[in-house]
Amino acid sequence: METLKEKTARGLFWGGMNNGVQQLIGLLAGILLARFLSPDDYGMIAMITIFSVVAIELQSSGFKTALTNLENPTPRDFNSVFWFNIVVSLGLYTILFFSAPLIAKFYNEPRLVPLCRYAFLGFFISSFSLAQSAWLFKNLRTKQQAKAGMTAIIVSNLTGVLMAWQGYAYWAIATQTNVYILVNTLMLWHYSPWRPTLSWDAEPVRRMFRFSVKIMASAILTQVNNNILNILLGRYYSAHQTGQYNQAYQWNYKASYTLQGMVQTVAQPVFVDLKSDSERQLRALRKLIRFTAFVSFPLLLGFSLVAKEFIVLAITAKWLTSAGYLQVLCVAGAVAPLSLVLSNLVISRGRSDIYMWSTLALGLCEIVVMLLLVPYGVSRMVIAFTLLNVVWLFVWHYFVRRLTGYSLSMLLADVLPFALTAAAVMLFTGWITSGLQSLWLLLIVRVVVAALLFIGIMRLAHAAILDECIQFIRRKKS
């Protein structure tokens with residue numbers, strides 16, 4: 001029988017495989033879409049994204065996390081959540097369908113009316129898969145989740161690229177999202193052995209609701225926080241400027257989520273399994289923080305180093321403005337997976353109230369600061385957004401320290417060696433390659449030199465996390 005350590009390693013492997021494949025395919029599709037589509041097309045989608053993601057969180061109501069936090073959820077619990085989600089999502093879609101003209105009026109963009117009604121179908125479709133997804137997640141069936149996600153990303157990206165090539169503009173992006181949700185839903189049904197029954201019992205939903213409603217509120221606030229610039233730029237700036245920022249946001253998200261998705265696959269289930277043993281939970285937390293920092297800082301700071309070359313070569317110079325935004329956002333992207341680990345520890349302790357209030361405070365700070373900076377341009381708003389998200393890592397740490405005794409000195413010891421090494425490597429690599437003129441040569445040389453330097457320094461420093469990763473890979477090969 002697998003130990004928890006083996007399950008965690010397997011979960012990280014399949015979570016990494018899933019997100020790695022998804023982001024690689026997303027990278028290729030993103031390049032093609034950005035070449036076929038204009039900043040205005042991306043701006044149109046960016047304006048309404050917040051409504052879809054908030055509706056998804058309202059529809060799920062935090063019950064996936066609530067089911068995972070139960071030590072032994074029953075089929076009755078899953079069945080209650082399944083039917084609740086479908087009823088709520090149908091009601092939400094009806095409301096948003098008739099609200100489409102109001103959304104279009106807010107942005108002064110009449111074309112948004114039919115786009116909203118089409119794009120919002122996705123969250124209704126997703127309601128049919130939440131219980132299946134929760135079952136797989138709770139039982140650490142990461143391989144099955146990975147297969148579902150990889151299949152969905154391949155089919156949906158092919159659909160989106162073909163539609164963009166045929167001139168369907170922003171409809172291609174909306175269809176891509178809907179196809180992903182539909183295929184992923186079908187695949188989750190295929191892999192999950194749990195099936196709903198026609199009987200519905202409201203008691204499990206009521207029992208979990210006090211916990212889940214705080215998760216739901218926190219998830220909505222997180223989506224607002226992540227999309228605050230898309231909302232404000234869509235309101236106060238043009239679709240073109242919104243599209244330039246959204247392009248940078250999407251690329252930063254792809255890079256950061258490669259790791260976030262991997263960590264998210266195992267963090268909460270593992271912390272829940274260990275919550276009765278505080279010492280083991282703290283050891284697991286520190287090891288996960290070190291692994292996350294070891295991957296996150298070189299990956300995201302390295303992406304920042306080559307952002308200009310990547311943007312111009314991959315999606316042409318028409319997106320050059322987004323390269324500057326991307327360089328800054330990558331700093332926030334490097335810190336985001338660490339905040340995710342800490343927040344999952346808070347949730348595993350049953351403190352959804354802390355999770356909610358901390359997320360709310362971050363959102364309020366972002367809204368106030370962004371509104372104050374609207375007259376001063378997009379660049380300053382992006383810098384302020386990044387700084388706030390870096391600072392909030394220490395807010396999450398404050399709560400984790402109170403719950404586990406994870407001191408600031410421990411956090412710095414786990415994170416700073418990787419963060420400072422990655423930053424120094426990127427600065428040095430940028431300096432020694434600054435004389436190269438060819439963008440292709442500059443991109444390749446910077447990636448190779450930075451990777452070799454970082455790995456070489458880690459080997460010389462005898463970084464334990466690097467040795468463990470190498471040993472795990474060797475075992476997988478054998």
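A charge is taken to sit over a ring if NZ of Lys or CZ of Arg is within 6 Å of the ring centre and within 35 degrees of the ring normal. In this predicted model, R117 lies over the face of F97, 4.3 Å from the ring centre. The charged end of K254 is placed over the ring of W251, at 5.7 Å from its centre. The model is predicted, with local features requiring pLDDT of at least 70 and side-chain atom pairs pLDDT 80 or more, while totals for chains, interfaces and linings use all residues. Residues are numbered from 1 along each chain as its sequence is written, and side-chain values use heavy atoms, without hydrogens and water.

Rings of Phe, Tyr and Trp (its six-membered ring) were paired if their centres lie within 6.5 Å, with planes under 30 degrees apart called stacked, over 60 edge-to-face and the rest tilted. This rule gives 22 aromatic pairs. One of them is the tilted pair of F78 and W194, at 6.0 Å centre to centre and 45 degrees between the planes. Helices are DSSP runs (H or I, at least four residues), numbered from the N terminus. Because F78 belongs to helix α4 (residues 75-107) and W194 to the loop between α9 (170-191) and α10 (203-236), the pair ties together parts 116 residues apart in sequence. Both F78 and W194 are buried (under 20% relative accessible area, 1.4 Å probe, protein chains only; exposed is over 50%, partly exposed in between).

Y355 and W396 also form a tilted pair, with 5.6 Å centre to centre and 35 degrees between the planes. Y355 lies in helix α15 (residues 352-373) and W396 in helix α16 (residues 378-404), so parts 41 residues apart in sequence are tied together. Y355 counts as buried at 14% relative accessibility, and W396 is buried at 7%.

Note on methods: Helix = DSSP H or I, 4+ residues; strand = E, 2+ residues; numbered from the N terminus.
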